Protein chains: 2
Amino acid sequence: MAEKHRVLILGGGFGGLYAAQALRGEPVDVTILDRRNFHLFQPLLYQVATGSLSPGEVAAPLRSVLRKQKNTRVLLGEAVDIDPGSKRVLLKDGGTIDYDSLIVATGSQSAYFGHDEWREWAPSLKSVEEATQIRHKILLAFEVAERTADPAERTAWLTFVIVGGGATGVELAGALGEIANETLKHDFRSIRPQDARIIVVDGGQRPLASYPEDLSHKAERSLLKLGARVRTGVMVTCVDGNGVTLKTHSGTAHIASHTVIWAAGVAASDFGRRLATRTNAETDKTGRITVSEELTIPNHPEIFVVGDLALRLDGQGKALPGVAQVAMQGGAYAAKAIVKRIGGNRHVKPFRYFNKGDIAVIGRAAAVADIFGLHLSGLLAWLVWVFIHLMYIVEFQSRIVVFVQWAFLYLTFNRGARLITGSAATDAVARAEPLTNHAEA
Amino acid sequence: MAEKHRVLILGGGFGGLYAAQALRGEPVDVTILDRRNFHLFQPLLYQVATGSLSPGEVAAPLRSVLRKQKNTRVLLGEAVDIDPGSKRVLLKDGGTIDYDSLIVATGSQSAYFGHDEWREWAPSLKSVEEATQIRHKILLAFEVAERTADPAERTAWLTFVIVGGGATGVELAGALGEIANETLKHDFRSIRPQDARIIVVDGGQRPLASYPEDLSHKAERSLLKLGARVRTGVMVTCVDGNGVTLKTHSGTAHIASHTVIWAAGVAASDFGRRLATRTNAETDKTGRITVSEELTIPNHPEIFVVGDLALRLDGQGKALPGVAQVAMQGGAYAAKAIVKRIGGNRHVKPFRYFNKGDIAVIGRAAAVADIFGLHLSGLLAWLVWVFIHLMYIVEFQSRIVVFVQWAFLYLTFNRGARLITGSAATDAVARAEPLTNHAEA
């Protein structure tokens, strides 16, 4: 038996998973490597951070998704280096994997504009762990506020700052608004959760800058109804335990807050940077690798880069955005290109991104969508959002569970996954004033 | 307005929550204190550890459950000491809470027969964090086995030891058996998950010792079908990273295993021990406090102790078991006794435990139940188990979600919540041999 063509896929996100699935039944040996044992449905991660969904409901074990693909092996591990000459990837544990074709889909990580020290105070929404951490921070802020007598401190605990007014920032702000105005409405005795201030700060001119202007304004109005304000045209100059300092048109401003969430910059994965160095590939300032129209690295037609790590311009000279559908289409394209080449087809058609539309949800029955130039908002956009997201969740079981959770959220505003775990809980509350019910004594 | 009678409830488990709910609408001021912001449905925690359910699906935020009770305040905090003379509880953060009546429902914690160093190697099933840790350990063991070439090491990774053959141990073993034989059947390429060895070790004569003998045997047979063996009459003398050492009738034995789960001893909560010291209450060797027939501490009729922390004998002189229904009934009894006393009723009827039956599930359509002397097993017992557990889950929303998850588990054996999070994943795999696909080179 002739040895089969070996395809190595790095990363089990949208790019990697869709590549692997497109190789089902093809005459190749597929290995998919990820640091995690699960595929994460990243677009719903903010719902984990805001307590509507549990991590297990937005993730699917890679082994389980790919179990029926006999030509595919799932491995848990981390790629740290590559030797493109001998076509070999080096793993963190010292192991190596040889490939004939490589699909790199290692994605992006959050970046703090060169201020990594901000990370401690402002977690971002990249992993399940961070989403859980954000959930703890949000819920604890209300708990501590309930126990804080000092008005200024109480206000700081009830102030939530989201850095970044893109889709993630807007969706987070909307969910936070619902938590404060609906979910927790009756839960406290000393504070009114409705008094919470939610502030989205952004350096640009409007939120959802990649959307048409009318939808930005609609999103902003929907947010305002939920008590969330957008401050545009401001630069974050400092983040620490006391809040956020901003540079505004007129000077500087400080927002006192103990809960800052990062929804701003991203940068290429560490492996992506290493790959660029080893192959002398061109990168932009965030580390994205410029790829050919076949999504390969110049001089390395056997190395495909797909998803957030790839820098590819569309017809208008604009870079394709780092969203799920670009990664999915890129992964599937790379897989098909490999199969065609094995079949002796030297020339494959260039990759063309087909934008099915953009959509962001703000709250119950409130969303904005731009689908083939059609601008939708309100209930209709929200229903489209629900439908699309349920359809793309990988496992049917999760689809049903997420649907049930959303149905309840719609009907009752209750968010089931409001656990605070880890030692953080009582430690954080202990930072508030000691509790007493005999202040008169 | 006369000041209302202040009831302080320590602990939001079954005892504390049912006490709080029984005080709904009564003319008292209720404060319920817990280290966590959620009530945990402990009987289903093993399903979190074995990946069928997510933590958020077996927990309900205390605030949310009690939001409609205007006389009740939920506080996040930890009681560390008590001054029974001035009727005051001291919190970890230095705060204090005064009470007129106190209901202590702080439960139990796992105990390692005086060998706390075993805890590192054998997590127990007491908290959400431990359940998640056990889930990671189980899933990682299969991942590492897949990458281990040495047969002895591979066997050790595929050997799972559960210490304790009570309901928790048996239910864990059953779930593990299903994972190995069904859930993961097609997921690996180098190992056969069905080769996993699952061993329950117990010092007694039979598993489920508190059940009638015929049900113990039925449970043992059901476990055997799932590849899980019960070794009775053995004492654990050592637990470490290499496995478990046992003292048997004929000498000693060693089971090489990297995954040991503790489902054996429990001991009183730390606050319980402190309470016993401060009130000179009598305790047994595990720290449980001997309570009067009104569930109070002798000489302190205002202090009730309910649930796992209380030592109360039934009609036959046997201690009431540390199970949910004893705690529920104890909590509700204490609440009603307090209300009656406020109403001027000096003498309340003694607490009487009404045993609705015992039931343990082993696998799909396999359970054993002893209900009013009626011995059930198989599908019927399992259906009763499903019904009872769904009914007692506190939030309706969770009930539906858990039902959906179970329905899928029944139909497909798929377990959705199979995430390995934290840095454990790649670190643990790195302990296996370095990976390579060019062994011939």
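## Relation of the two chains

By what turn and what shift along the axis can chain B be laid on chain A? In this predicted model, a turn of 180° with a shift of 0.0 Å along the axis places chain B on chain A, and the RMSD is 0.0 Å. The two copies are therefore related as by a two-fold rotation axis. In general, a rotation about an axis and a shift along it relate two copies of a chain.

The interface fits this description. Of the interface residues of chain B, 100% are also interface residues in chain A, so the copies meet through the same surface.

## A sheet in chain A

Chain A contains an open sheet of 3 strands, in the order 14-15-16 and with antiparallel pairing. Strand 14 (235-240) and strand 16 (251-256) of chain A are at the edges; each has a single partner strand, so one side of each is left without a neighbour in the sheet. On average, neighbouring strands of this sheet are turned by 20° against each other, direction ignored.

The pairing of strand 14 with strand 15 (residues 243-248) of chain A is antiparallel and runs over 5 bridges. Within this part of the sheet, A:Val236 has A:Leu246 of strand 15 as its bridge partner.

## Helix 4 of chain B

Helix 4 of chain B covers residues 128-146, which is 19 residues.

Terms used: Residues are numbered from 1 along each chain as its sequence is written. Chains are lettered from A and ligands numbered from 1 in the order in which they are written. This is a predicted model: local features need pLDDT of at least 70, side-chain atom pairs count only at pLDDT 80 or more; totals for chains, interfaces and linings use all residues. Two strands pair if DSSP finds at least two bridges between them. Helices (H or I, at least four residues) and strands (E, at least two) are DSSP runs, numbered from the N terminus. Axes are lines fitted to C-alpha atoms, for helices over the stretch in contact, and angles run from 0 to 180 degrees between N-to-C directions. The expected span of a helix is 1.5 Å times one less than its number of residues. Copies are superposed by least squares on the C-alpha atoms of residues with pLDDT of at least 70 in both. Two residues are in contact if their C-beta atoms, placed from the backbone, lie within 7 Å.
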